[in-house]
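Let's take a walk through a protein model and look at a few spots up close. Keep the 3D view open as you read.

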Amino acid sequence: MKKAIVLGATGGVGNPLVAELVQRGVSTVAFGRSQAKLEALAEELGRPQCLTLAAGDAFKSEDIVKAAAGVDVIFHSANIPYHEMEARLLPLGEAVMQAAEQLGAKVVVVDGIYPYGRRTVDKATEDHPKMPHTRKGKVRHAYEQLILSPRWSKARPLIVRLPDYYGPSAQASYLSVTMEAIAAGKPTAFIGNMTIPREYVYLPDAARMIVQIASRDESYGQNWHIPGPALISGRDLVRIAQQASGKRKAVIPLGKISLSLFGLFNPVMKEVVEMLYLTEEPFVLSGEKYEQAFGPIRWTPHEQAIAATIRSLMEKRQGL
């Protein structure tokens with residue numbers, strides 16, 4: 001991989017992907033809507049010589065093609081607001097794949113676990129059947145079919161699947177609001193059950209694994225799992241975060257009734273309700289395929305990763 005572009009470069013997954021690529025010395029184009037946010041990302045990374053910035057709209061294939069001239073790999077981490085997913089996800093995927101087809105490029109699409117539906121095994125491999133029973137799961141399944149469609153003759157896509165995640169750059173995860181409030185020393189809420197251990201991945205770890213997968217030609221045309229380390233409950237996660245912040249304010253779990261009430265005023269909270277089953281029946285990803293291809297996975301332990309996330313969020317607040 002000599003040159004790559006990251007769509008959604010200033011987002012939760014895009015930010016650490018850009019950092020990982022730059023660290024490896026890959027010529028990298030950071031692509032996003034906001035020039036100001038792109039400039040802030042470049043400043044955060046020390047304005048490396050191998051990084052260039054391109055402002056544009058990922059819904060317009062012509063913008064992607066213009067910014068991605070000469071790239072080997074397109075990392076598609078651009079996200080859709082939760083409450084707009086059903087209407088806008090497939091048009092976004094179509095635009096990205098049209099651009100990749102025109103460029104004859106490889107495409108690494110970052111996605112989640114919604115298409116699988118309910119858990120049927122302790123740890124799901126990439127062969128786990130996709131039986132989505134939610135609206136979001138069904139649209140995500142259609143998204144996969146679009147990405148991996150045989151109608152693309154020149155583009156070479158793969159899909160990486162992450163569980164819920166956290167990290168200094170996280171913006172759209174269930175945990176992001178909770179982490180930011182703890183870092184600020186404010187009372188907050190936790191979405192879903194706090195006692196059942198669940199899978200989370202630290203975004204810098206995920207970025208390292210994603211780039212590793214993308215670097216091998218044989219990876220394309222497939223699904224790949226990006227698992228997290230040992231499962232952890234919300235209660236333990238909050239305890240570690242509060243220890244790192246040095247502040248202990250109330251953290252209230254939000255269940256179906258609470259979220260439904262919030263949903264009367266907040267469209268995002270309204271859309272979370274149908275996915276709450278994942279907090280009661282955690283879906284856990286197997287890393288067996290990754291380990292067979294690339295060797296043992298190196299994770300940052302949750303204790304270190306959560307503390308690093310809180311410290312980073314606190315530093316950002318102090319810098320405001």
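What follows is a short tour of some charged side chains, a pair of helices and a couple of arginines.

## Before we start

One thing to keep in mind: this is a predicted model. Residue numbers count from 1 along the chain as its sequence is written.

## A lysine tucked away

Let's begin with Lys130. You'll find Lys130 in the loop that runs between β5 (106-111) and α5 (135-147). Is this lysine buried or exposed? Lys130 has a relative accessible area of 19%, and the cut-off for buried is under 20%, so Lys130 counts as buried.

Who are its neighbours? Leaving aside residues up to four places away in sequence, Lys130 touches Pro115, Tyr116, His141, Glu144, Arg161 and Asn223. With one of these, Glu144, there is also a polar contact between the side chains, at 3.4 Å.

## Salt bridges

Side chains of opposite charge can pair when their charged atoms come close. How many salt bridges does the structure hold? The count is 18.

Take Arg208 and Asp205 as an example: their side chains meet in a salt bridge, with 3.4 Å from N to O. Both partners sit in helix α7 (residues 203-214), and because they are three residues apart there, about one helical turn separates them. Arg208 is buried, and Asp205 is buried too. Elsewhere, salt bridges with shared partners link Asp111, Lys130, Arg140, Glu144 and Arg161 into one network, so here we meet Lys130 again, the residue that is buried at 19%.

Another pair is Glu84 and Arg88, whose closest N and O atoms are 2.6 Å apart in a salt bridge. Glu84 is partly exposed, at 26% relative accessibility. Arg88 is partly exposed as well, with a relative accessible area of 28%.

## A link across the sequence

Now find Arg135 and Glu274, whose side chains form a salt bridge of 3.9 Å, N to O. Arg135 belongs to helix α5, while Glu274 is in the loop between α10 (267-272) and α11 (277-280), so this pair ties together parts that lie 139 residues apart in sequence. Arg135 is partly exposed, with 40% relative accessibility. Glu274 is partly exposed at 22%.

Next, turn to helix α6 (residues 176-184) and helix α13 (residues 302-318). Their axes come within 9 Å and cross at roughly 65 degrees. The crossing of α6 and α13 is right-handed.

Which residues meet there? From α6 come Met179, Glu180, Ile182, Ala183 and Ala184, and from α13 come Ile306, Ile310, Leu313, Met314 and Arg317. Sorted by class, the contact of α6 with α13 has eight nonpolar residues, two charged ones and no polar ones.

## Two arginines to look up

Helix α13 is also the place of Arg311. Arg311 counts as partly exposed, at 45% relative accessibility.

Last stop: Arg47, in the loop between α2 (35-44) and β3 (51-55). Most residues other than glycine have a negative phi. Arg47 is not a glycine, yet has a positive phi of about 45 degrees. With 44% relative accessibility, Arg47 is partly exposed.

How values were computed:
This is a predicted model: local features need pLDDT of at least 70, side-chain atom pairs count only at pLDDT 80 or more; totals for chains, interfaces and linings use all residues. Side-chain values use heavy atoms; hydrogens and water are left out. Helices (H or I, at least four residues) and strands (E, at least two) are DSSP runs, numbered from the N terminus. Buried means under 20% relative accessible area, exposed over 50%, partly exposed in between (1.4 Å probe, protein chains only). A polar contact is a pair of N or O atoms within 3.5 Å; within protein, one must be able to donate a hydrogen and the other to accept it, and residues adjacent in sequence count only if both atoms are side-chain atoms. Contact means heavy atoms within 4.5 Å. Axes are lines fitted to C-alpha atoms, for helices over the stretch in contact, and angles run from 0 to 180 degrees between N-to-C directions. A crossing is left-handed if the near helix is turned anticlockwise from the far one by less than a right angle, and right-handed if clockwise. Ala, Val, Leu, Ile, Met, Phe, Trp, Tyr, Cys and Pro count as nonpolar, Asp, Glu, Lys and Arg as charged, and the others, Gly among them, as polar. A salt bridge is a side-chain nitrogen of Lys or Arg within 4 Å of a carboxyl oxygen of Asp or Glu.
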